Amino acid sequence: MRIDRIQFENFNCFAKREFRLAPRFNLVIGDNAAGKTTVLDGLAVGLGGLFLGFPAPAAARSIHRDEVRLQFYLHGETVTAEPQFPAAIHCEGEVAGHTGEWRRALTSFDGRTTRRAANWVRAAGNRLRHRIKAGQSAILPLVSYYGTGRLWVQLRQREVETLGPHSRFAGYLDCLNPASDEKRLVAWFKTQEIAAIQRKRPSATLEACRGAVLACVPEAKHVFFDVARDELMLRFAEQELPFSYLSDGFRNMLAIAADIAVRCATLNPALEADAARGTPGVVLVDEIDLHLHPKWQRRVVGDLLRAFPNVQFVATTHSPFVIQSLPSTAGVQLLNLDDPGATGFVNKSVEDITEEVQGIELPQRSRRYQDMLQTAKKYFALLEDANNATPAEKEQLKRRLDELILPFSDDPAYQAFLEMQRTAYGFNGEGR
């Protein structure tokens, strides 16, 4: 499955907006409230159209009432907020080798998200469902969404238990829910480890998942479920740590990589060792740099592309290190919501990216340095005003000069320089 184009209409902050997506990696950037998460939520609605033709546990994602764009009007002194309908998501893409387009819309608060305009993708889902039900060979596409609360918003689960035989469609369980499902992930590893022990031979599927995880978690040597401890473990060069002991950065990346790999193995078990590399699909990741050290931010995109070569990724970020790391290859693009034309990032320094792409002035200098610079400019402007000031006005200027210099009183050189300028302008060192 792949999304080539998505159009938004009255969806959250977008009155009307369209994006064309690259087939491998799309990195969405923009200021806060620019609509980065809205892009992912709209894609989740579009991708969910596939599940209109699937049985449980796959569930189609509808347009929620609070996602309908509001238009604000001023009537006298009263502001009103009027919902704008229809709220709609229109997609073009590919499913199981066939291309088509579909649309899902909410036309009123009293209605449901429409299905008829999504007949093409629903029919594609139905064809896959019938083939799977009959036990025929078919590749199921991966669909998954990882939100910013993925470490903290846990889905309710019981104690870690082994998993019995299940439908291949179990690979879609809660796949469009941005919350985390770590316990089911751990249960899968436990089941596979015990099965391998009983068979007295390695599991190709389990080893493939291990490989995908290790490709995305630097410095890790082995990931496994310790039956004695009843915990998922990560082995480094000098120590082994339970999953629950890991830092947020390691837990975040391990959970994403492992969840993708496990879903691939569940959806397409016949691929065995090639499940992670052979499964196509779409993965959405909000704030891909979440909790990651800058060194890791510079490799996360490449790691995911190598571990899952048939998956289309759409991710958001605020990190210049992630932007800088985008490979200059076909199928990869930067989507700048603030300035669609500002796409250059190849061979740029982090400073260039933060200034030219992200719009941050003087990124080489600290915020305090810039405040000191602006204060000095204001200080000299006030001194210039003193030339023609009356004695009373000079007193007011003195107080204003003292107010400007006060926040930087811990920098004696800066303070002494400004006071020397004050004396030069005829204040005779009076005041501070």
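Analyst: The expected span of a helix is 1.5 Å times one less than its number of residues. This is a predicted model, where local features need pLDDT of at least 70, side-chain atom pairs count only at pLDDT 80 or more, and totals for chains, interfaces and linings use all residues. Residues are numbered from 1 along each chain as its sequence is written, and side-chain values use heavy atoms, without hydrogens and water.

User: How do you know that the length of helix α2 agrees with its number of residues?

Analyst: Helix α2 runs over residues 119-133 and has 15 residues. Helices are DSSP runs (H or I, at least four residues), numbered from the N terminus. At 1.5 Å a residue, α2 should span 21 Å. Its end C-alpha atoms are 20 Å apart, so the two values agree.

User: Which residues of α2 are buried?

Analyst: Val121, Ala124, Gly125, Leu128 and Ile132 are buried in α2. Buried means under 20% relative accessible area, exposed over 50%, partly exposed in between (1.4 Å probe, protein chains only).

User: What puts them on the same side of α2?

Analyst: Their arc around the axis is only 95°, so they lie on the same side of α2. The arc is taken from the directions from the helix axis to the C-beta atoms. Among what covers these buried residues are β6 (87-95) and β7 (98-106). After α2 comes Gly135, with a positive phi near 75°.

User: Why is the pair Arg299 and Asp303 called a salt bridge?

Analyst: The rule asks for a side-chain nitrogen of Lys or Arg within 4 Å of a carboxyl oxygen of Asp or Glu. The closest N and O atoms of Arg299 and Asp303 are 2.7 Å apart, so the pair meets the rule.

User: What makes Asp303 buried?

Analyst: Asp303 has a relative accessible area of 2%, so it falls under the limit for buried. Arg299 has 33%, so it counts as partly exposed. Elsewhere, salt bridges that share partners join Arg2, Asp4 and Glu94 into one network.

User: Where do Asp248 and Arg251 stand in helix α5?

Analyst: They are three residues apart in α5 (residues 248-267), so about one helical turn separates them. Asp248 has 24% relative accessibility, so it counts as partly exposed. Arg251 has 12%, so it counts as buried.

User: How many salt bridges does the rule give?

Analyst: The count comes to 15 salt bridges. One of them joins the side chains of Asp226 and Arg229 at 3.8 Å, N to O. Asp226 is buried at 16%, whereas Arg229 is partly exposed at 43%.

Key:
Helices (H or I, at least four residues) and strands (E, at least two) are DSSP runs, numbered from the N terminus. Contact means heavy atoms within 4.5 Å.
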